[in-house]
Amino acid sequence: MPLQLNINRKTVGIDADPDMPLLWVLRDMLGMTGTKFGCGAGLCGACTVIVGGEAVRSCSTTVGSVAGKPIRTIEGLADARTSKLHPVQQAWKDCNVAQCGYCQSGQIMSAVALLEKHPKPSAAQIAEGMEGNLCRCGTYPRMRQAIQMAAGKGKA
């Protein structure tokens with residue numbers, strides 16, 4: 001069934017079953033491999049994207065449920081014209097957050113959604129906003145530091 005998606009400010013037409021997980025459309029149909037497959041059950045957060053301002057797990061979100069809504073992926077964060085990183089991506093780099101890196105795109109998307117809701121988040125808001133994004137390397141202290149750094153730079 002033809003669907004219109006708005007991904008990273010571009011309209012994309014796809015022919016997919018509306019019940020197909022958004023993750024498969026992004027990765028397999030559109031070749032956008034920045035969003036990762038983790039648990040496949042919406043539990044680890046590796047597949048997090050932002051839909052309509054909310055961090056969602058793309059492995060457990062159907063593509064039919066997001067048609068017509070703005071979808072942002074890790075590929076859409078940096079400024080395409082200047083290649084300037086998004087403030088959260090820059091803070092991640094400055095704080096040397098990534099180790100294996102597998103969960104990082106989902107972590108960054110959750111952090112962006114958090115900072116859009118709470119530009120100056122408290123420690124409790126950071127904990128709540130990042131809850132459910134798992135990192136097997138345990139870089140949580142550096143993630144919190146990066147979120148606080150990005151919050152200090154203004155718009156997230």
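**Close-up 1. Helix H2 meets helix H5 in this predicted model.** Pro87, Val88, Ala91, Trp92 and Asp94 of H2 touch Met143, Ala146, Ile147, Met149 and Ala150 of H5, where contact means heavy atoms within 4.5 Å. The residues of this contact comprise nine nonpolar, no polar and one charged. For this tally, Ala, Val, Leu, Ile, Met, Phe, Trp, Tyr, Cys and Pro are nonpolar, Asp, Glu, Lys and Arg are charged, and the others, Gly among them, are polar. H2 covers residues 87–94, and its axis comes within 8 Å of the H5 axis, crossing at roughly 135 degrees. Axes are lines fitted to C-alpha atoms, for helices over the stretch in contact, with angles from 0 to 180 degrees between N-to-C directions. H2 and H5 are therefore oblique to each other; angles under 35 degrees count as roughly parallel, over 145 as roughly antiparallel, 65 to 115 as roughly perpendicular, and the rest as oblique. The crossing of H2 with H5 is right-handed, that is, the near helix is turned clockwise from the far one by less than a right angle, anticlockwise being left-handed. Helices (H or I, at least four residues) and strands (E, at least two) are DSSP runs, numbered from the N terminus.

A note for all views: residues are numbered from 1 along each chain as its sequence is written, and side-chain values use heavy atoms, with hydrogens and water left out. Because the model is predicted, local features need pLDDT of at least 70 and side-chain atom pairs count only at pLDDT 80 or more, while totals for chains, interfaces and linings use all residues.

**Close-up 2. H5 also packs with helix H3.** Here Gln104, Gln107, Ala111, Leu114 and Leu115 from H3 meet Met143, Ile147, Ala150 and Ala151 from H5. The axes of H3 (residues 104–117) and H5 (residues 140–152) come within 11 Å and cross at roughly 40 degrees, so H3 and H5 are oblique to each other. Their crossing is right-handed.

**Close-up 3. On to the contact of H3 with helix H4.** Gln107, Ser110, Ala111 and Leu114 in H3 meet Gln125, Ile126, Gly129 and Met130 in H4. This contact divides into four nonpolar, four polar and no charged residues. The two axes come within 9 Å and cross at roughly 135 degrees, which makes H3 oblique to H4. H3 passes H4 in a right-handed crossing.

**Close-up 4. Ser110 and Asn133 touch each other.** Ser110 lies in H3 and is buried at 2% relative accessibility. Buried means under 20% relative accessible area, exposed over 50%, and partly exposed in between (1.4 Å probe, protein chains only). Leaving aside neighbours within four places in sequence, Ser110 is in contact with Thr48, Ala55, Arg57, Gly129, Met130 and Asn133. Asn133 sits in the loop between H4 (123–130) and H5 and is buried as well, with a relative accessible area of 3%. Not counting residues up to four places away in sequence, the contacts of Asn133 include Cys44, Gly45, Thr48, Arg57 and Tyr140.

**Close-up 5. Which residues of helix H1 are buried?** They are Leu22, Leu23, Val25 and Leu26, in a helix that spans residues 22–29. These residues pack against strands E1 (2–7), E2 (10–15), E3 (48–51) and E5 (70–72). After H1 comes Gly31, with a positive phi near 70 degrees.

**Close-up 6. Asn8 and Arg9 lie in the loop between E1 and E2.** Most residues other than glycine have a negative phi. Asn8, though not a glycine, has a positive phi of about 50 degrees, and Arg9, also not a glycine, has a positive phi of about 70 degrees. Asn8 is buried at 18% relative accessibility, whereas Arg9 is exposed at 74%.

**Close-up 7. Cysteines without a disulfide.** A search of the whole structure finds zero disulfides, a disulfide being a pair of cysteine sulfur atoms within 2.5 Å. For Cys39, the nearest cysteine sulfur is that of Cys44, 3.9 Å away. Cys39 is partly exposed, with a relative accessible area of 35%. For Cys137, the nearest cysteine sulfur belongs to Cys100, 3.7 Å away. Cys137 is partly exposed at 26% relative accessibility.
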